[in-house]
Amino acid sequence: MQQVINGISVGAVYALIAVGFALVYNILKFSNFSHGGVMTVSAYFGYFLASTFHLSLLVTLALTALFGGLCAVIIELVAFRRIRNSNGPLIYYFVSSITVGMLLENIITIFKGSTFYAYPGLASNTVVRMGSITIPVMNMLMLVISGMMLLVLMWVIMKTSFGIAVRAASFDVNTSKLMGMNTSQIISLVFFVSGFLGGISGVFLGISYTLYPQIGQMVVKGWIASVLGGLGSLEGAVLGAFILGMVEVYLVSTVGAGLSSVFIFILTLVFLMFRPQGIAGNVVRDKA
Amino acid sequence: MRKIVSLMLLLVLALGLAGCGGNQNANQGKSNNTPAQTGGVAGDYILIGSLQDISSSTAAWGKGVVNGAQMAIDKINSEGGVLGKKLKLVNYDTKNDVNEAINAYNRLVNQDKVVTVMGPPTSNIGIALAPITEQKKVPIFGDFMDERATTKNDGTPWKYMFLGEPSCSQQAEISASYTVDKLQLKKIAILYNQANAYAVSHVIPFTRYVEGHGGQIVAKEIFQNTDKDLKAQLTKIKNANPDAIYVPNYLQENALVLNQAKQLGINIPIIGNNSYFYPLIDLIDKSITDVYFLNNVTFDDQEVKKFLGEYKSKFNEDAPLHAFFGYDNILVIAEAIKKAGKVDPEAVRSALENIKDVKGYTGNISIDPATHRPLGLSMWIMKIDKGKYVSLEKYLPPAQK
């Protein structure tokens with residue numbers, strides 16, 4: 001039973017990463033690994049806020065989320081806009097996103113050093129105890145926030161005109177542009193929301209796993225979750241994240257941590273080969 | 001096709017020539033127009049190489065080593081240097097990467113012509129460098145604790161590799177003896193990073209000692225470099241119902257284990273290696289207690305306190321344990337150069353083999369010529385008690401006395 005809780009709490013971390021990641025995939029059809037860089041930078045920004053101004057957790061989260069959103073918008077402007085304007089092939093986006101991710105990680109290493117930091121006094125270790133089972137409060141909070149974010153996002157995408165625009169753009173960016181939509185604005189907004197979530201993930205990662213420059217490399221887990229759930233599908237990303245969390249914990253407790261990562265990557269490969277559209281089953285279209 | 005091949009050949013040739021030219025220039029520049037007589041000397045300086053991680057996952061340590069070494073060098077230079085010359089550190093970043101470290105070692109030997117290299121405190125790199133030193137013949141003195149970095153499989157020492165602190169198996173035995181003999185904890189679980197040579201070579205001798213002295217290993221759980229959530233492993237350990245958990249990994253991983261064990265309500269003693277020094281205490285829950293770990297120095301020592309204060313005022317952060325390693329490494333290397341009487345890697349190597357009683361912060365260092373590791377260095381048992389470090393005692397297991 002405790003292992004199920006462990007799986008859900010790991011899944012909650014992955015879900016938050018995966019949604020921010022899937023959002024960009026949804027519209028531009030490439031895996032945005034610069035998301036890891038945004039998480040790293042945000043995690044340090046949040047630490048700076050919390051340690052210098054002694055802000056509460058929620059205020060830190062809100063400000064860091066805005067900061068993360070801003071970062072992602074800037075990254076889009078600097079690293080992706082030109083490629084998009086010149087109709088560059090997908091591989092350019094991919095390479096560019098990895099480069100930005102590494103760049104941000106190295107900038108942090110240079111300016112903040114690579115000692116480890118811990119978020120001050122944000123009650124990272126409080127747990128709820130039920131009999132012999134313990135549930136970490138921080139993981140519950142993550143679960144609730146990623147759940148809320150997902151619901152809000154789904155509502156926005158399904159019900160608002162911005163959402164319709166996003167869906168249209170995700171179907172075909174060029175056609176929507178021809179139809180007179182301001183696709184650049186929509187893409188910027190999508191990046192903002194993605195970075196917003198990245199900011200929240202960054203703070204939570206920093207609180208749960210201490211702060212260090214390579215923290216953003218957790219983005220790989222978000223990517224695997226997206227593959228399992230269905231690249232570009234938001235519900236799929238969340239579903240994939242929880243499945244990934246559960247499977248990981250299950251494998252660690254049965255075959256051990258060494259083999260578990262091997263199995264996870266085999267699972268990912270199998271999905272890519274036989275069901276690239278993932279569990280949720282959105283048909284992934286290559287950008288024309 | 002032919003065109004491409006000939007173009008490539010031309011390119012290789014050009015690069016080769018450029019490389020040679022560069023080298024000559026570099027040498028001329030360094031020797032300040034005085035003819036380069038012996039290796040390791042540039043003008044008025046004796047060059048000591050250094051390979052430390054400055055920008056990657058173990059950079060906190062690498063920087064500590066470099067800063068500590070610089071403090072020793074400043075002190076030695078202010079007292080007149082060695083053999084009438086001043087010491088100078090040439091440090092390259094290994095990025096905690098074996099290939100980067102090998103390239104950097106070759107550069108230190110071929111271009112900078114250093115007399116000795118201060119090695120990194122990471123075992124993976126020490127093991128990889130050992131066979132290369134046999135060809136390059138410039139000794140490395142460092143804190144790679146894995147035995148394989150200093151001795152070959154047949155037990156004979158790597159000629160040019162030297163260790164400055166007790167080795168993994170010595171330290172693991174101290175931990176094991178303290179747990180089983182002193183604390184009387186017999187059912188032990190182990191949680192370690194399987195991808196780290198340093199952690200693995202703690203676990204093997206620890207297990208051997210515990211099982212040979214009436215104890216029992218009830219669970220042995222592993223994780224990988226990228227794993228940050230270890231609650232699944234810890235839950236398994238909890239179900240095995242041990243008296244204590246042995247956690248011998250790098251600092252951040254140890255902090256994660258302590259916090260997550262606390263979250264799961266595991267309230268048994270945790271036994272640690274010598275990676276629980278600053279800043280670990282700042283990374284863990286303040287209510288955590290009953291953590292026993294090894295340390296090379298104690299805070300009760302006035303000299304150590306003074307060093308910590310100086311370090312903080314100089315570098316504006318708490319000194320990691322590795323600052324003491326850097327300091328002591330330079331003391332030993334300087335002593336060896338002094339003993340050799342000349343700035344020559346081969347002569348310094350022989351002197352390093354016979355170093356006796358160099359008084360450093362981590363103890364009186366004497367090198368055993370048979371193993372190239374320190375002899376009879378006891379260690380401090382420290383305890384973490386609600387957000388504080390407490391020194392308990394200096395301990396050597398009966399077997400090592």
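Mentor: One term before we start: buried area is the accessible area that two parts lose on being put together, summed over both. And keep in mind that this is a predicted model.

Trainee: Fine. How is chain B divided?
Mentor: Into domain 1 (45-166 + 300-370) and domain 2 (169-295 + 380-395).

Trainee: How far apart are the C-alpha centres of domain 1 and domain 2 of chain B?
Mentor: They lie 28 Å apart. The contact takes 19 residues from domain 1 of chain B and 18 residues from domain 2 of chain B.

Trainee: And what area is buried between those two domains of chain B?
Mentor: About 1500 Å². Carbon and sulfur atoms give 58% of that area.

Trainee: Which residues of domain 1 of chain B lose the most area to domain 2 of chain B?
Mentor: B:Trp61, B:Met145 and B:Leu321. Together they account for 34% of what the domain 1 side buries.

Trainee: Switching to a single residue. Where does B:Glu165 lie?
Mentor: In the loop between β6 (161-163) and α5 (168-182) of chain B.

Trainee: Buried or exposed?
Mentor: B:Glu165 is buried, yet has no salt bridge. The nearest side chain of opposite charge is B:Arg373, 11 Å away.

Trainee: So what does the side chain of B:Glu165 make a polar contact with?
Mentor: The side chain of B:Asn296, at 3.0 Å.

Trainee: What else is B:Glu165 in contact with?
Mentor: Leaving aside neighbours within four places in sequence, its contacts include B:Asp143, B:Gln171, B:Asn274, B:Phe325, B:Pro374 and B:Leu377. B:Met145 is among them too. You met B:Met145 at the domain interface.

Trainee: Now the chains. What do chain A and chain B bury between them?
Mentor: About 2600 Å², 55% of it on carbon and sulfur atoms. That contact takes 32 residues from chain A and 35 residues from chain B.

Trainee: How many salt bridges and polar pairs there?
Mentor: The salt bridge count between chain A and chain B is zero. Eight residue pairs are in polar contact across the interface.

Trainee: Which elements of chain A supply at least two residues to that side?
Mentor: α1 (2-28), β1 (127-130), β2 (133-136), α8 (183-209), α10 (234-254) and α11 (257-274) of chain A. α1(A) gives the most, with five residues.

Notes:
Residues are numbered from 1 along each chain as its sequence is written. Chains are lettered from A and ligands numbered from 1 in the order in which they are written. This is a predicted model: local features need pLDDT of at least 70, side-chain atom pairs count only at pLDDT 80 or more; totals for chains, interfaces and linings use all residues. Side-chain values use heavy atoms; hydrogens and water are left out. Helices (H or I, at least four residues) and strands (E, at least two) are DSSP runs, numbered from the N terminus. Buried means under 20% relative accessible area, exposed over 50%, partly exposed in between (1.4 Å probe, protein chains only). Lys and Arg count as positive and Asp and Glu as negative; His and the chain ends are not counted. A salt bridge is a side-chain nitrogen of Lys or Arg within 4 Å of a carboxyl oxygen of Asp or Glu. A polar contact is a pair of N or O atoms within 3.5 Å; within protein, one must be able to donate a hydrogen and the other to accept it, and residues adjacent in sequence count only if both atoms are side-chain atoms. Contact means heavy atoms within 4.5 Å. Domain bounds come from an automatic or database domain assignment. Buried area is the accessible area (1.4 Å probe) that two parts lose on being put together, summed over both.
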